[in-house]
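Please read each one beside the structure.

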Amino acid sequence: MREKSIKIAISGKGGVGKTTLSSLLCYLYARDGQRVLAVDADPDANLGTALGFPPELLAKLTPISEERKLIKERTGAEPGTIGAIYSLNPQVEDIPDTYVAEYRGIKLLRMGSITQGGTGCACPENTLLKSLLDHIVLERNEIAILDMEAGLEHFGRGTARGVDAFIVVVEPGRRSIETAQAVVKLANDLGVKNVYAVVNKIHEGQLAELEQEINFLPILGHFPYDPVVVEADFHGKNLFDLSNSFVQEAEKIKGKIDSFLR
């Protein structure tokens with residue numbers, strides 16, 4: 001099968017279900033025989049658990065932002081250094097094939113946190129992370145599913161424009177809707193064109209009202225509230241193996257994405 005190059009970023013308020021959607025899409029593309037890179041770019045890194053990676057594999061995987069030796073080697077400066085001279089174009093080409101764990105045809109890369117606030121953003125580790133994300137989105141020929149935090153701190157303008165589909169996961173609730181509005185504004189400011197919503201944790205009778213609340217976004221699909229998701233999370237299992245109904249809905253979402261990109 002001819003390999004595709006599709007980059008999908010998934011964002012939303014914490015706990016909204018973006019990691020669940022990320023894991024389902026990873027498995028669907030891997031099932032198609034595509035090369036899949038799952039990028040955990042959320043500080044609350046649990047994409048590996050959602051994918052059902054064995055704990056012993058995850059234990060060996062250190063977030064790139066915590067790979068101090070690598071950061072110094074590639075940038076020429078100690079991590080956490082502010083104002084030092086370091087490379088703004090560090091070598092990153094080998095990282096997505098080397099600093100990963102692989103399970104059932106899916107490679108997992110943990111990015112780690114972009115530095116915030118008083119510690120400053122002009123530091124070696126941030127430079128390495130952003131260069132790595134640029135490389136993944138703009139240069140690699142594979143399916144990359146990016147599980148992002150609610151903000152877009154990892155993205156520069158060029159990288160954001162290189163993303164094929166930016167999905168905001170929304171659940172019933174004012175905070176989730178407000179987060180979606182903020183994310184969409186940021187995405188628009190960065191020039192992202194293909195921004196969509198996926199609705200999650202819907203109880204019967206809530207969908208129509210929520211669709212009205214997020215009418216600023218085209219909706220790709222929706223998932224119901226289901227205790228099976230909680231069960232999967234508690235036992236560290238992937239939902240792809242546990243819920244045929246969730247897989248079927250994720251297939252519809254994937255189909256729409258593939259159709260839009262054609």
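1. The side chain of Thr75 has a polar atom 2.7 Å from the backbone oxygen of Ile71, a polar contact in the sense of N or O atoms within 3.5 Å, where within protein one must be able to donate a hydrogen and the other to accept it, and where residues adjacent in sequence count only if both atoms are side-chain atoms. Thr75 lies in helix 4, residues 68-75, with helices (H or I, at least four residues) and strands (E, at least two) taken as DSSP runs numbered from the N terminus. Thr75 is buried at a relative accessible area of 4%; buried means under 20%, exposed over 50% and partly exposed in between, with a 1.4 Å probe and protein chains only. Leaving aside neighbours within four places in sequence, Thr75 is in contact with Tyr86, Ser87, Pro90, Pro124 and Leu128, contact meaning heavy atoms within 4.5 Å.

2. On provenance, this is a predicted model, in which local features need pLDDT of at least 70 and side-chain atom pairs count only at pLDDT 80 or more, while totals for chains, interfaces and linings use all residues. Residues are numbered from 1 along each chain as its sequence is written, and side-chain values use heavy atoms, with hydrogens and water left out.

3. The structure holds 4 aromatic pairs, where rings of Phe, Tyr and Trp (its six-membered ring) pair if their centres lie within 6.5 Å, and planes under 30 degrees apart count as stacked, over 60 as edge-to-face and the rest as tilted. Among them is the tilted pair of Phe53 and Tyr103, at 5.3 Å centre to centre and 55 degrees between the planes. Phe53 lies in the loop between helix 2 (47-50) and helix 3 (55-59) and Tyr103 in strand 3 (residues 101-103), so the pair ties together parts 50 residues apart in sequence. Phe53 is buried at 3% relative accessible area, whereas Tyr103 is partly exposed at 25%.

4. The rings of Tyr196 and Phe260 have centres 5.2 Å apart and planes at 15 degrees, so this pair is stacked. It links distant parts of the chain, with Tyr196 in strand 7 (residues 195-202) and Phe260 in helix 12 (residues 244-261), 64 residues apart. Tyr196 counts as buried at 9% relative accessibility, while Phe260 is partly exposed at 47%.

5. Which residues touch the most other members of the largest nonpolar core? In this core of 43 residues they are Leu109, Leu146, Phe155, Phe166 and Val168, a nonpolar core being a set of buried Ala, Val, Leu, Ile, Met, Phe, Trp, Tyr and Cys residues joined through side-chain atoms within 4.5 Å. Elements that each supply at least two residues of this core include strand 2 (36-41), strand 5 (143-148) and helix 8 (174-189), and helix 6 gives the most, with 6 residues. Not counting residues up to four places away in sequence, Leu146 touches Ile8, Ala9, Ile10, Val39, Leu133, Ile136, Val137 and Phe155. Apart from this core lies another, of 39 residues, among them Leu25, Val228, Ala232 and Val247.

6. Two backbone values deserve a check, given that most residues other than glycine have a negative phi. Arg104, in the loop between strand 3 and strand 4 (106-110), has a positive phi near 50 degrees and is partly exposed at 40% relative accessible area. Lys201, in strand 7, has a positive phi of about 60 degrees although it is not a glycine, and is partly exposed at 28%.
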